[in-house]
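Q: Please give a close look at a single side chain in this structure, and then place it in its wider setting.

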Amino acid sequence: MANSNLVMLDLNINSIGSNGAVALSEVLKTNSTLTTLDLRNNLLKDDGAVALSEVLKTNSTLTTLNLGHNLIKDDGAVALSEALKTNSTLATLDLGANLIGDSGAVVLSEALKINSILTTLYLPGNSIGDNGAVALSAALKTNSTLATLDFHCNSIGDKGVIALSEALKDNSTLASLKLNLNSIGDNGTQALSEALKTNSTLTTLDLSDNSIEDNGVAALSEALKTNSALTTLDLVNNSIEDNGVVALSEALKTNSTLTTLDLGYNLIGDNGAVALSEALNTNSTLTTLALRSNSIGDNGALALFEALKTNSTLKLYT
């Protein structure tokens, strides 16, 4: 690649395939300017990932590599993981919507124990289950650079989340964790809540589209009474009813950091809305509260709008 000016190359949604990735990899071995390469939505398979991995072993300029929505399996993840052990520039790696399973997650975890550059790892829409989550959790206990980890739309259940929770007690860099569209229930949520009582870096937690009920939310509420880092909590499309929201409301009376709370698509009625309105009379931190598609009637709505007369920070989305 003789060009000495190009810093970003976007080849998203083409039909490049593994052969094209191999050819591209050859020129990237000598290129010294490209920092961002987007190869999403092509037909890359493990061979293409292997070729790109060889590039990462020597390339010293690429900081962002997007390989989402391809056909990369565990063998491709193995190759990429080996490269991450020595690469000194890549900060963002997107492997979302591929075919990576627990074995691929295990080798990626081994790389994260050594790598000190990667800050963002996207793994949504793969086939990672509890074993993969447990392995990656072990890496988070020692990794000191990863700030964003996206696990959404995998097959992680309570066992995997319990392991992640233990890691969060030690980890001091992760700021954003997306676990939506998994199989997390109240037990997993309770474990996360225990971690949040001591964790001081996580600012964004997405638990939407799981199987969380009132007991799980009550545990989260206890964590919010002492946690001083979390600013965004997404609980959309769970099975949260009024009792869970009453517990959350008590936490909001004292919590001073949460700015965004999304409770859309749950089972919240008037009693929950009234409890929230009482919390809004004292809370001065929350700026966004979403309650769309619940079961709130006139009494709940009136209580919320009365609270808005005195609350000066909130934007309410019903």
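What is the relative accessible area of Lys 253?

A: Lys 253 has a relative accessible area of 33%, and is therefore partly exposed. Here, buried means under 20% relative accessible area, exposed means over 50%, and partly exposed lies in between (1.4 Å probe, protein chains only). The model is a predicted one, in which local features need pLDDT of at least 70 and side-chain atom pairs count only at pLDDT 80 or more, while totals for chains, interfaces and linings use all residues. Residues are numbered from 1 along each chain as its sequence is written, and side-chain values use heavy atoms, with hydrogens and water left out.

The side chain of Lys 253 meets that of Glu 250 in a salt bridge, with 2.9 Å from N to O. A salt bridge is a side-chain nitrogen of Lys or Arg within 4 Å of a carboxyl oxygen of Asp or Glu.

Another of them joins Glu 222 and Lys 225 at 3.0 Å, N to O. Glu 222 is partly exposed, with a relative accessible area of 40%, and Lys 225 is partly exposed with 40% as well.

A further salt bridge joins Asp 206 to Lys 178, and its closest N and O atoms are 3.0 Å apart. This pair links distant parts of the chain, 28 residues apart: Asp 206 stands in strand β8 (residues 204–206) and Lys 178 in strand β7 (residues 176–178). Strands (E, at least two residues) and helices (H or I, at least four) are DSSP runs, numbered from the N terminus. Asp 206 counts as buried because its relative accessibility is 7%, whereas Lys 178, at 26%, counts as partly exposed.

Buried residues also occur in helix α1, among them Ala 21, Leu 24 and Leu 28. Seen down the helix axis, the buried residues of α1 fall within an arc of 125°, so they line one face of the helix; the arc is that of the directions from the axis to the C-beta atoms. An α-helix has 3.6 residues a turn, so residues three or four places apart point the same way. The buried residues of α1 pack against β1 (8–10), β2 (36–38) and α2 (46–58), where contact means heavy atoms within 4.5 Å.
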